[in-house]
Amino acid sequence: MTAGFFFRHFVGFFIQFGAGMVLCLMPFGEGAFRCSRRRIVAGAGILALVSSALFPLAIGLEYVRRYTYQTLVANLYMLAALLIFMCLYFRVLRVVERVKKLVVLVLALLYAAVQYLLVNLTLSLFPGDRLLPEIYPPLTLALFAGTAAVMFPPFALLMRRGVREYLAEMEIENIRREFGVLLAVTFLYLVILVIYASIPAGMLAVYWWVIVPPLLLISVILAIFYWTLFKESARRKRDSDARRVMEIQKLQYGNITRDMEQAKKCAMIYVIY
């Protein structure tokens with residue numbers, strides 16, 4: 001394993017894995033964590049660095065590279081790293097309900113899915129790069145870095161503002177009712193995407209035009225559904241709050257009117273007597 005191989009796969013894994021970890025932590029404020037938010041973020045950064053450093057060591061083993069098991073080992077390693085992070089993620093958030101954590105996690109996974117499909121769609125124009133005995137050859141690494149530079153800022157803004165505000169305002173039952181089916185569909189889609197990622201690289205180069213564009217379209221549609229639900233849910237919440245305020249005001253006005261009428265009646269009785 002050369003220094004270039006280690007560097008490319010360290011950076012490539014960090015770009016994919018680290019971005020999702022950061023997105024998962026953005027929608028939650030200081031009070032949502034079991035300890036200091038700064039410590040949690042630092043711990044997540046250390047986890048991302050360590051897992052990224054171990055990734056090229058795992059796929060760079062002579063036996064793995066010789067028998068073309070590299071893709072399988074890489075997928076299993078990424079899955080293991082994701083499961084470890086998920087366990088820690090659900091553990092460090094204390095006051096946030098599980099369904100809220102789940103919504104944020106699925107959105108981060110959807111970001112990773114869109115990025116992966118965009119990179120694969122572009123690589124279909126350069127099949128030689130896909131067939132190289134590496135997970136992150138130079139062109140693939142450049143594509144992941146480029147897509148991250150374009151996609152991460154708007155996703156981060158969405159997590160920091162839109163998703164955080166929604167989760168803070170909405171009640172648990174409303175989130176379950178509005179996002180339950182969509183979360184189930186998204187998980188099924190992600191399972192299909194994992195199966196697709198396990199297909200040998202040669203088949204990907206041949207059938208990319210059958211598989212990748214529909215999967216990418218589904219990712220975009222799911223993202224639109226999530227965004228629409230966030231907007232509509234927030235609008236309905238504001239309308240409900242406005243109606244509740246108006247009802248309270250009407251009730252108060254009615255009470256004041258009755259009190260005034262009662263006071264008038266008492267005054268008239270006093271004048272008569």
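Trainee: Which helix does Leu 57 lie in?

Mentor: Leu 57 lies in helix α2, which covers residues 37-59; helices (H or I, at least four residues) and strands (E, at least two) are DSSP runs, numbered from the N terminus. Before we go on, keep in mind that this is a predicted model, in which local features need pLDDT of at least 70 and side-chain atom pairs count only at pLDDT 80 or more, while totals for chains, interfaces and linings use all residues. Residues are numbered from 1 along each chain as its sequence is written, and side-chain values use heavy atoms, with hydrogens and water left out.

Trainee: Okay, and is Leu 57 buried, partly exposed or exposed?

Mentor: Leu 57 is partly exposed, because its relative accessible area is 40%, and the classes are buried for under 20%, exposed for over 50% and partly exposed in between, with a 1.4 Å probe and protein chains only.

Trainee: Changing topic, what does Gln 16 contact beyond its neighbours within four places in sequence?

Mentor: Gln 16, which lies in helix α1 (residues 3-25), is in contact with Met 78, Gln 115, Tyr 116, Tyr 136 and Phe 144 once those neighbours are left aside, where contact means heavy atoms within 4.5 Å. Gln 16 counts as buried, because its relative accessibility is 19%.

Trainee: How many aromatic pairs does the structure hold?

Mentor: There are 14 aromatic pairs in the structure; rings of Phe, Tyr and Trp (its six-membered ring) pair if their centres lie within 6.5 Å, and planes under 30 degrees apart count as stacked, over 60 as edge-to-face and the rest as tilted. In one of them, the rings of Phe 28 and Tyr 89 have centres 6.5 Å apart and planes at 50°, so that pair is tilted. Phe 28 lies in the loop between α1 and α2, and Tyr 89 in helix α4 (residues 70-92), so the pair ties together parts that are 61 residues apart in sequence.

Trainee: Are those two buried or exposed?

Mentor: Phe 28 is buried at a relative accessible area of 3%, and Tyr 89 is buried at 1%. The rings of Tyr 136 and Phe 144 have centres 5.7 Å apart and planes at 75°, so this pair is edge-to-face. Tyr 136 and Phe 144 are buried too.

Trainee: Last one: how many disulfides does the count come to?

Mentor: The count comes to zero disulfides, a disulfide being a pair of cysteine sulfur atoms within 2.5 Å. As for two of the cysteines, Cys 35 is partly exposed at 29% relative accessible area, whereas Cys 87 counts as exposed at 55%.
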